[in-house]
Each structure stands twice: as C-alpha cells, then as structure tokens.
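Trainee: Hi! Could you walk me through this model? I'd like to begin with the strands and then move to the ligand.

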Amino acid sequence: MSKKILIFSSGTESSVQAEKTLREKLDKEGFKIVKEIDDDVELIVCIGGDGTFLQAVHKFDFPKVPFLGINTGHLGFFQEIMPKEIEGFIINYSKGKYRLQHMQAVHGTVTRGKKEESFTGLNEILVKSNANSTIHLDISIGGGFIEKFSGDGILISTPAGSTAYNYSLGGSIVDPRLSLLQITPIAPMNTIAYRSFTSSILLPPDLSLGVVPDQDWQKGGIKIAFDGFSKEYDSIDKIEIKLSDKIVDLVRFETYDFWDKVKSKFL
Ligand code: NAP
Ligand code: MN
C-alpha cells in the first residue's frame, strides 16, 4: 500500500470540520494526503452527500481507485460512514477489514451526422425534450424496433442509480449485485394517438438500447443528462446506450448490507 489518500470535500461547514478531523487522524497513522489523483493514490475519501460523490466520480473520470464516503450531506446513500465514525474507519481500513462494492456505469453515444459524443453515468442517463412539448423516440432493443415512445422522456438507470431519480419515477430498486439496465418512462402517453410502455423494462448486460428521436419533433431540442450533469442539442440522429466497462468501487465495512441501507434511507 502506498498510504496516499485523496480527499474530496463538498466544502460545507460540516465537511470542512470532518476533513480537519480526518486529516489529523490520517496524519498520525502516517498517510499522505493529496488533492489530485496519480497512480500512487490508494483511496479517495469523499466528504459530503451523494451529489459530492458523483462530482468526484466525474472529476476523476471513473478511476480504478476505490472510494470511501463520509456523509455530511442530505441523504448519503453511497456514503459509508458518518463523521463520528472516522476513527473506526481508519482502524478497519488499515487492517484490511473491508470489502469493495462494485458498481457498473452506463455508457451512451450520441450521433449527429458524422460526429459522435460519449457520456458515462454512474446513476443514469436521461433523454428528454428541452422544451415543454412531448418527445417522440423510436426505441430499439438489441437492434430490433420495439416501440415509439411518446411522453416527457426516458431514464436509463444502473442498479446503483435505481434508488435515485429512477425510484422517484416509480422504477424498481435493484440490488447492485445484479448486472442490468432499467429503462423507466417519464410520463408516457397512452391514448388512441400514442401508445408507450407504462412500466420500466429491464435489459440484460449484453443488449443495447437504441433511441432515434423523431425528426419532426425535435424543434425544441433534446437534453441528455447524466448524474445531474447535462448537455443540450438542437437535433440528434441516434443515441446508443449500454452498460459501460467502467466500474466504480466503494469501500464497505462488515456492517454494510445493501437492503439495510435501503430500509434506513427510505422507510
Ligand atoms: P440532487 O438534486 O441533490 O439529488 C437528489 C437526491 O438524490 C439527493 O438527495 C441525493 O443525495 C440523492 N441521490 C443521488 N444519487 C443517489 C442514489 N444513487 N441513490 C439514492 N439517492 C441518490 O442532485 P445530486 O445530489 O447532484 O444527485 C444527482 C442525482 O439526482 C441524479 O443522478 C438523479 O438521479 C437525481 N435526481 C433526482 C430527481 C428526482 O428524484 N425527482 C430529479 C433530478 C435528479 P444527497 O442528498 O446525499 O446528495
Ligand atoms: Mn445532492
């Protein structure tokens, strides 16, 4: 072990306080603390809430180094410990008494003419209209056309993101030990004029989702969002979405259990 730890903090008052405590204790144990990533960094400690963790994941571009979250934020679903547990974390971490939870990301490629742009989301990728009008999307699975979606948009969530926006939209909570993508409709229309699936659908890891926005309905533009970041386009030819090769690892201690966490944060 290199004993080099990166600290990423939300900068709120409670995060600044937790960082101070953490620095003092890590220093005593002989760890070197840094702010930027390099090959010697063995752990990224993220102080804040889930939003802070997602920012760190994107800032360091889905690094191979594991993350440990200290929750000073609101929900902190990804975060493993509270500031008062810093001492215990250092002891258990130093003894190697932890395991890694693997979370697979989702990858999207947007094609416009000859141009291609890629996005990665740990929680999800969202496709929606940029205007207040409905969006119409030709959806294919594994290359075969399946439906013309009409409504506000679709959200493609990973198991890790299933408890975020996906859950608010009525999607299912998925144990991150499963490898799949969940496509959840946002306000799907069902009339004699338009017909779309009303429930989420689940895709196995080897199938990709194709999305072709109806050219006549792109006047207001299209928004692609991923983990709270977003990009707007005037028009898009097609979007391909599949599970990513990128995996984010979270340090979890003996007491961690996914379903205990769900219960404690949602019920
Ligand atoms: P935010 O607007 O502060 O996030 C909304 C809430 O989602 C926060 O309470 C956040 O936790 C929580 N959250 C994020 N990832 C989660 C996960 N995997 N499981 C359970 N809860 C999670 O924005 P943010 O903090 O930057 O997070 C970005 C995420 O917000 C997006 O990826 C999207 O999933 C979600 N979002 C949700 C809605 C909705 O539910 N209607 C709308 C837009 C975006 P913290 O309080 O700890 O930050
Ligand atoms: Mn947040």
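Mentor: Happy to. Let's begin at Gln182, which stands opposite Leu202 in strand E12. Keep in mind that this is a predicted model.

Trainee: How many bridges join E10 to E11, and which way do they run?

Mentor: There are 5 bridges between E10, residues 153-157, and E11, and the two strands run antiparallel.

Trainee: What about E11 and E12? How many bridges there?

Mentor: E11 and E12 (residues 201-203) pair over 3 bridges, in the antiparallel sense.

Trainee: Is E11 mostly covered or mostly exposed?

Mentor: Mostly covered: 6 of the 6 residues in E11, which spans 181-186, are buried.

Trainee: Which residues of E11 point which way?

Mentor: Leu181, Ile183 and Pro185 point one way, while Gln182, Thr184 and Ile186 point the other, and all of them are buried. In a regular strand, side chains alternate between the two faces of the sheet.

Trainee: Nice. Switching to ligand 1: how many residues surround it, and which are the closest?

Mentor: The shell has 18 residues, and the closest are Asp50, Gly76, Glu124, Thr163 and Ser168. By class, that shell holds 7 nonpolar, 8 polar and 3 charged residues.

Trainee: Which backbone atoms lie by the oxygen atoms of ligand 1?

Mentor: A polar backbone atom of Asp50 is 2.8 Å from an oxygen atom of the ligand. For Gly76, a backbone N or O atom lies 2.8 Å from an oxygen atom of ligand 1.

Trainee: And what lies by a nitrogen atom of ligand 1?

Mentor: A backbone N or O atom of Ala160, at 3.0 Å from that nitrogen. As for cover, ligand 1 has 810 Å² of accessible area on its own, and the protein covers 66% of that.

Trainee: Which elements give two or more residues to the shell?

Mentor: Helix H2 (50-59) and helix H4 (165-168) do. The largest share, 3 residues, comes from H2.

Trainee: Tell me about H2, then. Which of its residues are buried?

Mentor: In H2, 7 of the 10 residues are buried. They are Asp50, Thr52, Phe53, Leu54, Ala56, Val57 and His58.

Definitions and conventions. Residues numbered from 1 in each chain as written. Chains lettered and ligands numbered in written order. Predicted model: local features only at pLDDT ≥ 70, side-chain atom pairs only at ≥ 80, totals over all residues. Heavy atoms only, no water. Near = heavy atom within 4 Å. Polar contact = N/O pair within 3.5 Å; in protein donor to acceptor, adjacent residues only side chain to side chain. Areas by Shrake-Rupley, 256 points an atom, 1.4 Å probe, with all protein chains shown as cover. Helix = DSSP H or I, 4+ residues; strand = E, 2+ residues; numbered from the N terminus. Nonpolar A, V, L, I, M, F, W, Y, C, P; charged D, E, K, R; others polar. Buried < 20%, exposed > 50% of the residue type's maximum accessible area, 1.4 Å probe, protein only. Pairing = 2+ DSSP bridges.
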